[in-house]
Amino acid sequence: MSRLTAITVIGILVIDLSYLLAISTAVADHNGLSCHNMSGYDLSTINDKTYKYIHNYTNTSTNKTDSFDVLINICRVFDTKDKTPEVCIGRQICGHKTTDKTPIGYRLKSTDFVPDNGSHKEYIKVVYDGSECDIHRILNYTMTINFYCGEDTPNFNHEISTTCGIELNYTTKSVCKTTTNNSITTTTSTPAPIVEKKKTVHCIWENGSHHMDLNQLVMTNGNHLTVGLSPSTSQHVIYYINVCRPLNRIFETFSHSSINNCGPNAAICRVTIGSNDSVLSLGEPTSGPIRLFDDSLNLFYENGSPCPARPHEKLRTRIKFVCDPLAGIENMIVNEPGSETMDAEDCAYFIEWRTSAVCNYIEPTKLVNNSCYFTDQRTGLSVDLTSLKKKSNNPYRIPMDNGSTFELNVCGLANSLNAHECYQTSACLQHNDSGMSYGRLTSSFFIYNGVDLTLRYADGSKCNEDINKTLSTEISFKCNPNETNSEPKFKTINSCVAQFEWQNSLICNIQPPKCAILSESGKYYNLRQLSSISHSWNTTDPKDSSSVYYLNVCSKVPKSIGCKDPNAGSCKCVYNSQKQLDCGISLGDPSIDELKILSNEDLLLTYSNGDDRECPQGMRAKTEITFKCDKHIGNPKFIDFSKPQCIYRFEWKTFMSCPVLDQRDELIYKDGFLEDNRLDAYINVSALMGTTFNVNEFRQLDNNKTDNYTYVINLSKPELSTDYQCSEAGVCQTKGDFRRDLGSVKTLKYYLRGHELQMALQSKGGTRGKCGKNANKNVTTIFRLHCSSSAGVGEPEFMYESNDCDYVFNWETSMVCPMNFLKQEEYIEYITERNKSQERMEKEELDHLAKSTEDNQQSGGHTNLWIGILIVICFVATVCALLFYKPNIRQVVWFKVRRVFKSDTTNHTFHYHQFNT
């Protein structure tokens, strides 16, 4: 048995690099290549100027956007007159990353004519070789330009990037074939490239209750790469690897071997470099991930190149994924046949891939009542896809190559033809009048892997490929801030699953914003509340009283500070002879900041590209702020200045750098008290609630003008309830006729963040209540309460507006001083006595009311009698008016009255009879 072959991407390899000479022998004389004869074509017509190309990409180690600036001469070399860095002199291409400004010079290495092979049209391939690649030192940086026949275009088109290479396309008439027939010269061009359908597999493992998604390891551009030594020949070996799908185009070029020999569906390609170059396919994707008895997740690739030991067999590979939160994405060990753990006659390769991608089994989030709302429980960030939902009779329609149509909806039904098979379905494949269900709305759920949000519909029609499975659909939503009116695009159907991709700006809402970061273990950190747009933080060097440092977090220092660099995220100010601050030294630009999590879970924020006046030659100032989780809001503290590296270091102990879900405990408000279970104490804040405060802010703007705001605050009822914009506001921002709800009374909550008590309100004030800088949240007001035994109730003081639409106030008050806290028994005694006092007051009020009622009854007897007489008189008068209305009735009544008042005292017997009137 020979020694174990250990191949790692992340780590340090001490190896003999002499074999690199073999790579560079493909072109012995770089200067021998001429623009007049590039594989038989004359490119001198496009060599008369220097082209500029900027390649934007995401740095996988920092998850930040970076760019690579490139100056390109097709054949002409740069000289001293071009004012390029020294490493670019005598070379055709000069490039550098914007983050570190380290230049790379590329020299013309080779040209090749690549014929039309059915998957692409013919082109001229020109390769430029750079310096040693920082990531994979076995390779050099390369720049490849493919020249296609067509109309001349002014710009290069980006094709693809790898860790060490960039490939660009350029269309020009200079590489078009010319044929002469009867003195007529014509230029011909081959058809557009034909996209080759490659073999892919479904890349999600599931058992009905949990998922493990390997799609984050899938490479759509470039390939995973690892290097090592062959156990049998000791030659250097490069492995190109993809997950669940074939390799993408490989850019690195070698002297004798053709990597295309791996085949169009190879997912792993083994390339040996040396005197006996060889290329082997180690297998193609055949099935999705499988979970074995040891709970490990595995991929199996079959049908590779013929096995060297047993040519009648094909090479195959097993990839075992092992959870390692600190490994990042790539950390592989390749065991070849002939290594210590494997027989030399074997035809199988074994790769152990340590990665954080398989550390968390994803629990699907089921759609509740067809709601299209998803919240990431790790971060609290949410997205609502309701706006993408269509009516069931007008769903999204995606035509297929065979003439059928896929109907699709988001959180809704899709069955415009009323096909029986597609009843209650959200995805339906229709052909003529029939259909096949690819998932039901009642069996839908979300899966989020931290990058893409997938909506899955399950329990469709029976799958023909596997009778034990049903058809299902996966819609993978990808963040693209520029896509607002896009539609789903069909990708493939694998293992009974139809897969669609949808680039949309809505999904960006659940990705951590700038100045926030999610750890590999799922902890979420957010420093955005420390980022101010109205004020800045400052600190001093204890050893240098003449200097003051102003800092902001992930944002520029406000112009009111007076820093001469308007883009500075931190600024050094020095007192001049007139005792005035001169803020002329920028310590870094926050537009290219970097936030990362250290091994001890501290956060490190770095600004680069500052002023150079205090730095060694060729260097610029950098700022490093280390945030440590603590119990207080804290302030930045100057640590030191490292002149050899030109780094200004600061430290900030604050609860803002604690994981978000650990930062605050919500307190319950009842009967005017907050209950703190950690201290077994009750805090009386009732005195803070009922008072109206008017707090002024004077904000200096960039144009040296001043904005004056007044914040009207009443935390128990809206003070400006008659104003439409602030009808529910506990905090209303005003300026003249301007009104903005900064927090509605009904949303008031109480938190303990570290040792600090906070009150927070969120706005519900319509469009003005939304945060323009963060569409995922509303405007929020935060009151930070601080103990001051002499302040009494105190009053709030405006501090700053954060870059996340947080309006922050400080409030010094004796109400939150420990001497005023009540223990549980004291609280119960206080509440009991208060209730008794209220009961006594209520009883006294009832007794007083009863006595008043009795007095009113006694004193009101005569009054009631007179009221009765008046009612009788009014009734009689009314009757008389009705009776005396007719003359004959008046005569009869008058006659009877006279009879009554005659002097005759004889007793009469009266007989009553009716008069017909």
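Mentor: We shall go from the chain to a sheet and then to one residue. This is a predicted model, in which local features need pLDDT of at least 70 and side-chain atom pairs count only at pLDDT 80 or more, while totals for chains, interfaces and linings use all residues. Residues are numbered from 1 along each chain as its sequence is written, and side-chain values use heavy atoms, with hydrogens and water left out.

Trainee: How many helices and strands does the protein chain have?

Mentor: Helices (H or I, at least four residues) and strands (E, at least two) are DSSP runs, numbered from the N terminus; the protein chain has 6 helices and 58 strands.

Trainee: In which order do the strands of the open sheet lie?

Mentor: Two strands pair if DSSP finds at least two bridges between them, and here 4 strands form an open sheet in the order E49-E50-E51-E52, with antiparallel pairing. Strands E49 (693-700) and E52 (738-744) are the edges, each pairing on one side only. E49 and E50 are joined in the antiparallel sense by 8 bridges.

Trainee: Where is Asn 714, and is Asn 714 buried or exposed?

Mentor: Buried means under 20% relative accessible area, exposed over 50%, and partly exposed in between (1.4 Å probe, protein chains only). Asn 714 lies in the loop between strand E50 (706-713) and strand E51 (729-735), and it counts as buried because its relative accessibility is 1%.

Trainee: Which side chain does the side chain of Asn 714 meet in a polar contact?

Mentor: A polar contact is a pair of N or O atoms within 3.5 Å; within protein, one must be able to donate a hydrogen and the other to accept it, and residues adjacent in sequence count only if both atoms are side-chain atoms. The side chain of Asn 714 makes such a contact with the side chain of Thr 692 at 2.8 Å, and the side chain of Asn 714 also reaches the backbone nitrogen of Lys 717 at 3.3 Å.
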